[in-house]
Amino acid sequence: MLRIKNINTFYGKVHALKNVSLHLGEGEIVTLIGANGAGKTTILNSISGIIPASTGEIVFRKDAITALSPDKVVQHGISQVPEGRQVFKPLSVEDNLELGAYLRYRSREGKAAIHKDMELVFELFPRLKERRKQLSGTMSGGEQQMLAIGRALMAKPKLLLLDEPSMGLAPLVVQEIFHVLKRLRQENGTTILLVEQNAKAALKLADRGYVLETGKVILEGPADELLENAEVKRAYLGKDKKEIWER
Amino acid sequence: MQFDQILQYTLSGLSTGAIYALIGIGFSIIYNATGIINFAQGEFVMLGGLFTLSCLEFLKLPLWAAIPCAIAASTLVGMLFERLAIRPLRQPTPINLVIITIGGSILIRGLAMLVWGKDTHAVPSFSGDTPIAIGGATILPQHLWIFAITLIIIAVNKVYFYHTISGKAMRACSYNRRAAGLVGIDVRRMVMFSFIISSAMGAVAGIIIAPLTMTAYDVGVMLGLKGFCAAIIGGMSSGLSTVIGGLLLGVLESLGAGLISSGYKDAIAFIILLLILFFRPQGLFGKADSERV
């Protein structure tokens, strides 16, 4: 459904992505893991059109979306949940969710359908419902993360990009969020590209994974294989070097 | 006697204050949508008045038709300004933008001088000049027009920004541009739209005040600065606090001019501006920024 072919992306003069290629099948959960600065976020931002790739091609369901602006990418059915939630803090939970459906309002889709989807989001994250009138900036980090995901879902994306949804959250909240991701795939068939520092949790959820290092894909494969891979264990799963060597 | 005088000053202060408020809201709308302080805002006030004059005298339109034409023409200038001066900048810094908007304002003023000359022009009032007595003070019908139109515009603004998806989207752009793009909002279109609203509002302000104060190619400078003061007092909000800021400024100015000396009229506005910037840069009613991460 999504195919990235040999993209190169630059931040000014910094060569952030070097000939990166990857692909996602319909209904797959794929994770990108790697250290800080490996280029995980950049891949998402290149897909979303925030920092367009300067060479290479990104194809989504037969459409080239390489050079599109962020709003056009959303129009194609790709929504990003950005790093650090980025909710509209001075707006209420409801307003944030409504804005998630901005393009649907613009295409004159009825209010009823949009509000029905808002109820679906509230069903996924009951805590948002309790706080629907609250200003989103006054909520906890976990609640803001739920809102950010809910906002992205309001656009009814075919492909959901998530950037470090577990960052800075309590383990229980992370569990809740990952559980919702699983449900989304099961119930709506949403395809998910997940960027995570928490490699173990991400690989347990995902079908496949890519390992990035300094802007390059160095390893790819089914998630359970990556979980067992010695190099991945050493570098990203926090297993002690000695422990692996002694085996 | 003294009381009547104060009432008189207050009433005329409120009507100029309403104008400052409209101009100030124009500043805030663009600032909130884009982070730009558009120092050319005052020029749209001037254009509103002078375009009305041209529509009346050269096109021989009746007043009711001349006004929408003038608003449309000024808005068109606002759109061109955004398109030609603001949009082409890739990664503009605040100082670039300040210089560009000041440059734009000088250019617009210069062109206006070529078109309309240096004379001061009178624009007829909307419904006669028979004074109306209120207590011991008198006001003109035009004052009532100013109050009514300002009120309507503020109400429409409120509804737009708080109860329509497009208005919420514009606020979203001001709070978090990147996230706005990620939910599918075309940020550049919103920027253009903010210039359209602001230039139209500036033009309206210029049109409704022109019958009272007359108009000329350079009225935009002072009115623009006063509107900027109103916006600063209101903490750059596009709502009620800027309105109160404008009214406060108008009344203080008018009382100061009447009771102390009319020579200090403009000085009062700028003293207030400086005091606010020194002691309450977040505006008279604003809370200091606090963020929860």
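The legends below accompany close-up views of a predicted two-chain model.

Residues are numbered from 1 along each chain as its sequence is written, while chains are lettered from A and ligands numbered from 1 in the order in which they are written. Because the model is predicted, local features are given only where pLDDT is at least 70 and side-chain atom pairs only at pLDDT 80 or more, whereas totals for chains, interfaces and linings use all residues.

**View 1. Chain A as a whole, with twelve helices and ten strands.** Helices (H or I, at least four residues) and strands (E, at least two) are DSSP runs, numbered from the N terminus. The radius of gyration of chain A is 18 Å, close to the 18 Å that the globule rule gives for 247 residues, so chain A is as compact as a globular protein of that length; the radius is taken over C-alpha atoms, and the rule is 2.2 Å times the number of residues to the power 0.38. Along its principal axes the C-alpha trace of chain A spans about 60 × 40 × 35 Å. Of the 247 residues in chain A, 45% are buried, where a residue is buried if 20 or more other C-beta atoms, placed from the backbone, lie within 10 Å of its own, exposed if 12 or fewer, and partly exposed in between.

**View 2. The two domains of chain A and the contact between them.** The domain bounds, which come from an automatic or database domain assignment, divide chain A into domain 1 (1-77 + 159-247) and domain 2 (86-156). Taken over C-alpha atoms, the centres of the two domains of chain A are separated by 24 Å. Eleven residues from domain 1 of chain A and nine residues from domain 2 of chain A take part in the contact, two residues being in contact if their C-beta atoms, placed from the backbone, lie within 7 Å. On the side of domain 1 of chain A that touches domain 2 of chain A, H2 and helix H8 (171-188) of chain A are the elements that give two or more residues, and H8(A) supplies the largest share, four residues. By class, this side of domain 1 has eight nonpolar, two polar and one charged residues; Ala, Val, Leu, Ile, Met, Phe, Trp, Tyr, Cys and Pro count as nonpolar, Asp, Glu, Lys and Arg as charged, and the others, Gly among them, as polar.

**View 3. Helix H8 of chain A and the residue that follows it.** The 18 residues of H8(A) should span 26 Å at 1.5 Å a residue, and the end C-alpha atoms of H8(A) are 25 Å apart, which agrees; the expected span is 1.5 Å times one less than the number of residues. After H8(A) comes A:Gly189, whose phi is positive, near 65°.

**View 4. Two residues of chain A, A:Arg85 and A:Thr214, with positive phi.** Most residues other than glycine have a negative phi. A:Arg85, with phi near 60°, is found in the loop between strand S6 (78-81) and H3 of chain A, and counts as buried because it has 27 C-beta neighbours inside 10 Å. A:Thr214, with a positive phi of about 35°, lies in the loop between strand S9 (208-213) and strand S10 (216-222) of chain A, and counts as partly exposed with 14 C-beta neighbours inside 10 Å.

**View 5. The interface between chain A and chain B.** In this interface 24 residues of chain A are in contact with 16 residues of chain B. Helix H2 (70-75), helix H3 (93-100) and helix H4 (102-106) of chain A each supply at least two residues of the side of chain A that touches chain B, and that side has twelve nonpolar, seven polar and five charged residues. For the complex, the predictor gives an ipTM of 0.89 and a pTM of 0.87.

**View 6. Helix H5 (residues 141-163) of chain B and its surroundings.** With 23 residues, H5(B) reaches 33 Å from its first C-alpha to its last, close to the 33 Å expected at 1.5 Å a residue. Buried in H5(B) are B:Gln142, B:His143, B:Ile146, B:Thr150, B:Ile153 and B:Asn157, and what covers the buried residues of H5(B) includes helix H1 (2-34), strand S2 (137-139) and helix H8 (187-213) of chain B.

**View 7. B:Phe285, in the segment after helix H11 (265-279) of chain B.** B:Phe285 is partly exposed, with 15 other C-beta atoms within 10 Å. Leaving aside its neighbours within four places in sequence, B:Phe285 is in contact with B:Gly235 and B:Ser241; B:Phe285 and B:Ser241 are 44 residues apart in sequence and 6.8 Å apart in space, C-alpha to C-alpha.
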